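Morning, everyone. Please take a look at the model on the screen, and then I'll walk you through it.

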Amino acid sequence: METLESELTCPICLELFEDPLLLPCAHSLCFNCAHRILVSHCSTSKPLESISAFQCPTCRYVITLNHRGLEGLKRNVTLQNIIDRFQKASLSGPNSPTESRRLQPQRPYTATISGTIAGTIGGGGGTSGSSARGSPATSSHSHPHANHTNHTNHTNANHSPAVVAKMDPRISCQFCEQDPPREAVKTCVTCEVSYCDRCLRATHPNKKPFTSHRLVEPVPDTHIRGLTCLEHENEKVNMYCLVDDQLICALCKLVGRHREHQVSSLTERFDKLKAYQVSPGRVSDAVMEASKTSAAQTLENNLTNLVKRNSELENQMAKLIQICQQVEVNTAMHEAKLVEECDELVEIIRQRKQVIAVKIKESKVMKLRKLAQQIANCRQCLERSSALITQAEQSLKENDHARFLQTARNVAERVAMATASSQVLIPDVNLNEAFDNFALDFSREKKILEGLDYLTAPNPPSIRDELCTASHDTITVHWTSEDEFSVTSYELQYTIYTGQTNFISLYNSADSWMIVPNIKQNHYTVHGLQSGTRYIFFVKAINQAGSRNSEPARLKTNSQPFKLDPKTAHKKLRLSNDCLTMEKDESSLKKSHTPERFSGTGSYGAAGNVFIDSGCHYWEVLLGASTWYAIGVAYKSAPKNEWSGKNSSSWVFSRCNNNFMVRHDGKEMLVEASLQLRRLGVLLDYDNNSLSFHDAMNSQHIHTFEISFLLPVVPTFMIWNKSVMILSGLPVPDFVDGLASDLQEQQQQQMGLCRQESPYLTGMKTCH
């Protein structure tokens, strides 16, 4: 049945032929499909009536039309009769395979039809007959001109869930004229309309051609109509363009911009994507290989990224929710603390108010008591004075001489005494007792209260590089803080600087950090550091509200100080008392022989008294008038009976009269240097595997060895005339530090490459 159905399928609509036309090439085509092909060629300058030919979609044969157009072509009556019989046989039982296929959703092109259409439009060779439609799509609905069965077969059929959606009680009849419309009971797939029971009986009687219409449970309109083409109105999409990754219709492939593109059926594309996305572990290797298209990979990557992004967003949202909850808890805690603190302040003010009020009352009582006593004294004096005045006035009125003389003297004495003692009798009045000098001034307290606010973490302190000092094993760090009064303490953190520029990740690696807590001053000296080593320092300002870090500061300890070791000096070298100067002395001195002492003819050398196995160290050699010397470093195992640089364990910069050279492992290379070289700078960067020499007077670089150090090294010095002086423990000069930084950056860029020792030119003269 399926083979027969494929032979009865139109290559354009992919459904059973409807009113088929018999083309001159012996192929058939639906009348409506042929009309659609003609319409697709129409334009404003080319109307439908003027089109006189079109190509057969199966074999690309050019069909010429007469003045009647499509009506001039013969109807394929035989094919129509076969289709009618086929449909009648297919509908004889509801469980027949064809009936089930008819009730499934429309299937687009299969691979054979896609290739046929591509060959028809794109210029390839076409196929004919059944081979052109060898794997057709099944019809999505029956056609009105087909034979029919009764309504019962349609309404009670077992419909595929891909087409028949679950009944939605909200789907209304689309044919009702009343408002609101009644609820739909069936949806006609052929008409693409949902009907209520009354409208269904009126529009679909149990007669031809309506008995062939497919009736399903009510479904939304969009489920029946499906997706339509974006370029051709009312055309359903039924294939997938693999070039543009786009859903297209049959016209897009026949006459549209996709006619040269490779297409695939929707089912095939769906199966591939599903197989690759859902169960890649369960399909065969061949299917997996076929399904790994660019679109599938893109979809998988996007889906994976989306799932990962969703997981990240969920985690982020959970963190944000947790932070929100913490904000709520902290806010409630701080609000309660605010109320508590303010209540305490109010209680303190209330208590102070009571205390001051009591003091005022006590002062008032004392002052009033004193004033009352003064008033009583004044009243008493006033009474006495008034009595004396009255008595004196009476004496002055006495006319009897004897009586006047008798009382006048006594009265005169009393008045004189009263006048003389008037200052004593009249009490002093203290104006301070009137509270005029008493005042309540709370302006300072008011200002403090107005400035009440919650405490915040202090501003980050700032490390003052220009104030910091260093020795070979100590660094003193100085810093300043804008919130010095609000800082409870400081915390100093430091670690060895490894060249890492991402300070955040460096700071997060807490294992390597040393911490000095509870510092009360704004400076601190760190002891026990490695000499000639860069360190990273942070300062943290702390109070009850939190802490903040300063910007990182890179500080460096000075080079390791050293002196000449007398135990290593050649017997024909004289060392100064401070062991910083050595001089060639031909007179043989009595010195005990030791394994570490330079010996042998011409090996007039001495070594420093320190072995270096880390850090960056710089020292200078004052050459004076010497014109024959060799300065460098060596392993402890370097031979002492030959020149430095003649073996693989030593590296030196040497001068032989007017020639300057560098020497290692017996190989020499001439270098350029000034004949006026008087101060040689030596930079040993053990951590970065380099040894460089510089003209310290002229700030010029002379040469750099790149060495993969395996053992600790010791500074070595050889002279054959005059004397040299050593200056060690020096800070690295700016011009040398800049060159070292550039070299370090170059080495970081070349990480992963095998580091080799510096090449030497061959054929150079050897100085004897």
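Is F175 buried, exposed or partly exposed? F175 counts as partly exposed, at 46% relative accessibility. The cut-offs: buried is under 20% relative accessible area, exposed is over 50%, and partly exposed is in between, with a 1.4 Å probe and protein chains only.

A word on the source. This is a predicted model, where local features need pLDDT of at least 70 and side-chain atom pairs count only at pLDDT 80 or more, while totals for chains, interfaces and linings use all residues. Residues are numbered from 1 along each chain as its sequence is written, and side-chain values use heavy atoms, leaving out hydrogens and water.

Now, rings. The structure holds 17 aromatic pairs. Rings of Phe, Tyr and Trp (its six-membered ring) pair if their centres lie within 6.5 Å; planes under 30 degrees apart are stacked, over 60 edge-to-face, the rest tilted. One of the pairs is F175 with Y195, which is tilted, at 5.9 Å centre to centre and 55° between the planes. F175 lies in the loop between helix 6 (151–155) and strand 6 (186–188), and Y195 in strand 7 (residues 193–195), so the pair ties together parts that are 20 residues apart in sequence. Helices (H or I, at least four residues) and strands (E, at least two) are DSSP runs, numbered from the N terminus. Y195 is buried, with a relative accessible area of 5%.

Next pair: F693 and F705. This one is edge-to-face, 6.2 Å centre to centre, with 80° between the planes. F693 is in strand 30 (residues 690–695) and F705 in strand 31 (residues 700–706), twelve residues apart. F693 is buried at 0%, and F705 is buried at 2%.

Rings also cluster: ring pairs link Y635, W651, Y686 and F709.

On to the sheet. What is the strand order in the open sheet of six strands? The order is 23-32-25-26-27-28, with antiparallel pairing. Two strands pair if DSSP finds at least two bridges between them.

Seven bridges join strand 25 (residues 628–635) to strand 32 (residues 713–719), and the two run antiparallel. A630 has M718 in strand 32 as its bridge partner.
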